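Me: I'm new to reading protein structures, and I'd like a close look at one part of this one. Could you walk me through a strand and its surroundings, step by step?

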Amino acid sequence: MKRAQVKSLRWQTSSTIRHWLPRLQAHRGYWVGGIRENTLEAVQKAAELKYQMVEFDVRLTKDQKVVLFHDGDIQGHALAELAYQEILKLEPVSTLDEVCAWLASYSDKGFKFNIELKTAAILGGALEKQVARIIKKFAIESQVLISSFNPLALGRMRLLNKDLFRALLLTLEDHPKNRWYFRHMTFNFFAKPHVLNLRLNDWSEDKFKNISRLVPVVLWTYNDTDMGVEAVTRKEIGSKLYSEWIHGVISDEITPQRMQGI
């Protein structure tokens, strides 16, 4: 089998994904200016600013509630070892049920979620089962992308709901938890991602342009500060954000209004 054929088996190609996937995503909602990240309020603010997709992180509590939260610890406690009501005593958090109920009622049916699964589980899949159940409950499958650094979690989501688009999160940084088989995307045969969400600093045309021929490549986290200037014109934003090989970006700072007219 030719090398190109082997690579294609690691990805789920789609005739619709490039049209479906927006060029710009709000990272953890839009929280610049004091709004708490990964909350319903941050999601709603992104919608108000006319983003077409918002990215956020989800984790599972001890009592099987799916909450929006990035870190594994909350004020020195392991989030997975706390019940939802215990977490609320420490910090206000939003649940996936709350944000999905809002999405189901939101008038713009083109608005989409990029839900990042925060799980390193090799076996089990409790978080994946709950996320799949909630998405089905609110009938928002056509508005959801599932992403994760864990290709096994993506594979389990593929088995739970094959109709959901999936994105592999990838970084090449040297870290004990970033094992060689993650960096080399060994388990893509099981995950079959539709999209590659790649760390900005790891982008290389030589390394990734062949993958970008198969699936969209989205860079994270791309902010004005990454461009090395304090103020950037619309034309400069456009030329730096996108190329023949880069489909889009996930950003904390760049808004849809900045992108108009490109």
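**A close look at strand E8**

Reply: Happy to! Strands E8 and E9 pair in the parallel sense, with four bridges between them. Keep in mind that this is a predicted model. Within that pairing, Leu 168 stands opposite Leu 196 in E9.

Now turn to the other partner. Strand E7 (residues 144-148) runs parallel to E8 and is joined to it by four bridges. Here Ile 146 stands opposite Arg 166 in E8. Together with helix H7 (residues 151-160), E7 and E8 make a right-handed β-α-β unit.

Is E8 mostly covered or mostly open? It is mostly covered, since six of its six residues are buried. In a regular strand the side chains alternate between the two faces of the sheet. You can follow this along E8: Phe 165, Ala 167 and Leu 169 point one way, while Arg 166, Leu 168 and Leu 170 point the other way, and all are buried.

The structure holds 12 aromatic pairs. In one of them, the ring centres of Trp 20 and Phe 165 are 4.8 Å apart and the planes are at 55 degrees, so the pair is tilted. Because Trp 20 lies in helix H2 and Phe 165 in strand E8, the pair ties together parts that are 145 residues apart in sequence. Trp 20 is buried too, with a relative accessible area of 14%. The charged end of Lys 112 sits over the ring of Trp 20, 5.3 Å from its centre.

Next, look at helix H10 (205-212). Phe 208, Ile 211 and Ser 212 are its buried residues. They cover an arc of only 95 degrees around the axis, so they lie on the same side of H10. An α-helix has 3.6 residues a turn, so residues three or four places apart point the same way. Among the elements that cover the buried residues of H10 are helix H2 (17-20), strand E8 (165-170), strand E9 (195-199) and E10.

Finally, follow the chain out of H10. Pro 216 is found in the loop between H10 and strand E10 (217-220), and Pro 216 is buried, with a relative accessible area of 0%. Beyond its neighbours within four places in sequence, Pro 216 is in contact with several residues, including Ile 17, Leu 21, Val 195 and Leu 196. That brings us back to Leu 196, the residue of E9 that stands opposite Leu 168.

Conventions:
Residues are numbered from 1 along each chain as its sequence is written. This is a predicted model: local features need pLDDT of at least 70, side-chain atom pairs count only at pLDDT 80 or more; totals for chains, interfaces and linings use all residues. Side-chain values use heavy atoms; hydrogens and water are left out. Helices (H or I, at least four residues) and strands (E, at least two) are DSSP runs, numbered from the N terminus. Buried means under 20% relative accessible area, exposed over 50%, partly exposed in between (1.4 Å probe, protein chains only). Contact means heavy atoms within 4.5 Å. The arc is that of the directions from the helix axis to the C-beta atoms. Two strands pair if DSSP finds at least two bridges between them. A crossover is right-handed if, with the strands pointing away from the viewer, the path from the first strand over the helix to the second runs clockwise. Rings of Phe, Tyr and Trp (its six-membered ring) pair if their centres lie within 6.5 Å; planes under 30 degrees apart count as stacked, over 60 as edge-to-face and the rest as tilted. A charge sits over a ring if NZ of Lys or CZ of Arg is within 6 Å of the ring centre and within 35 degrees of the ring normal.
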